[in-house]
Amino acid sequence: DTDDGGVPQNMELIALAAQLEKGRGLNAVLSVKRGSIVKPGAYEAMMGCRHVMKRHMAREGLEGYASVSVTHQEFSDAVLASVLSTGIGPISPNLIMLPFLRDYKKRVHRSEELIKTIQGLILLKRSATYPRRGKELNEGLIDIYWVVEEGGLCLLLPYLLSQHHIWRKKTTLRIFAVATDPNEDLDRLEASVMSYCESVRIKATVQAIDMARSTIATDMTRS
């Protein structure tokens with residue numbers, strides 16, 4: 001979201017995008033605004049918003065495109081349409097990053113739209129204190145709760161983040177391999193994940209945890 005002046009309300013999301021792969025790649029930042037593009041002054045306001053967004057992207061070192069969508073569509077439809085129309089030939093977005101609604105319990109309808117749109121979800125806890133450009137951490141931990149059978153994206157993104165200079169010097173990766181099957185051998189799972197990390201040169205500590213008694217496996221099936 002952006003305010004009426006075009007200032008992004010979720011700068012920590014832009015900072016995170018810039019720190020993944022050091023801001024390289026084809027990046028497109030989109031602001032969805034409710035309204036009509038044919039309304040007098042709407043086009044000028046849209047272009048002004050786009051200019052302000054580009055300036056804030058530059059502050060975080062994020063290279064890419066900024067665009068504003070003024071529409072009467074539902075939020076999820078507007079995001080999907082923008083994703084499908086973004087790119088050059090075979091080069092198209094393979095990851096969507098969206099801010100999670102802080103007041104989602106009060107905005108159930110839009111929360112459901114958000115969940116329908118997301119393929120992979122990144123949640124930022126205490127995002128107001130997220131490290132921005134120009135800062136370096138003296139120490140820190142990046143904890144990854146990885147359900148192995150769900151694929152490697154959950155492991156890849158924190159690893160890419162750890163390669164950025166803000167995180168690289170004194171940040172430790174900790175992988176918690178999640179077992180959702182009550183018959184899972186935790187020692188075997190832990191050894192398997194450790195072997196995999198060594199093969200792809202990811203330096204991290206590994207610990208298998210048993211979550212078979214939780215609802216995580218059922219929740220993943222429903223999603």
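Mentor: A residue is called buried under 20% relative accessible area, exposed over 50%, and partly exposed in between (1.4 Å probe, protein chains only). The model is predicted, so local features need pLDDT of at least 70 and side-chain atom pairs count only at pLDDT 80 or more, while totals for chains, interfaces and linings use all residues. Residues are numbered from 1 along each chain as its sequence is written, and side-chain values use heavy atoms, without hydrogens or water.

Let us take strand E4, residues 171–179. Helices (H or I, at least four residues) and strands (E, at least two) are DSSP runs, numbered from the N terminus. Of the nine residues in E4, seven are buried, which leaves the strand mostly covered.

Strand E4 has pairing partners, where pairing requires that DSSP finds at least two bridges between two strands. With strand E3 (residues 140–146), E4 runs parallel, and seven bridges join them; leucine 141, for example, has threonine 172 of E4 as its bridge partner. With strand E5 (residues 205–210), E4 also pairs in the parallel sense, over six bridges. Here phenylalanine 176 stands opposite glutamine 207 in E5.

Between E4 and helix H7 (186–199) there is a loop, and glutamate 184 lies in it. Glutamate 184 counts as partly exposed because its relative accessibility is 36%.

Isoleucine 91 is placed between helix H3 (75–85) and helix H4 (108–117), and its relative accessibility of 49% is why it counts as partly exposed.
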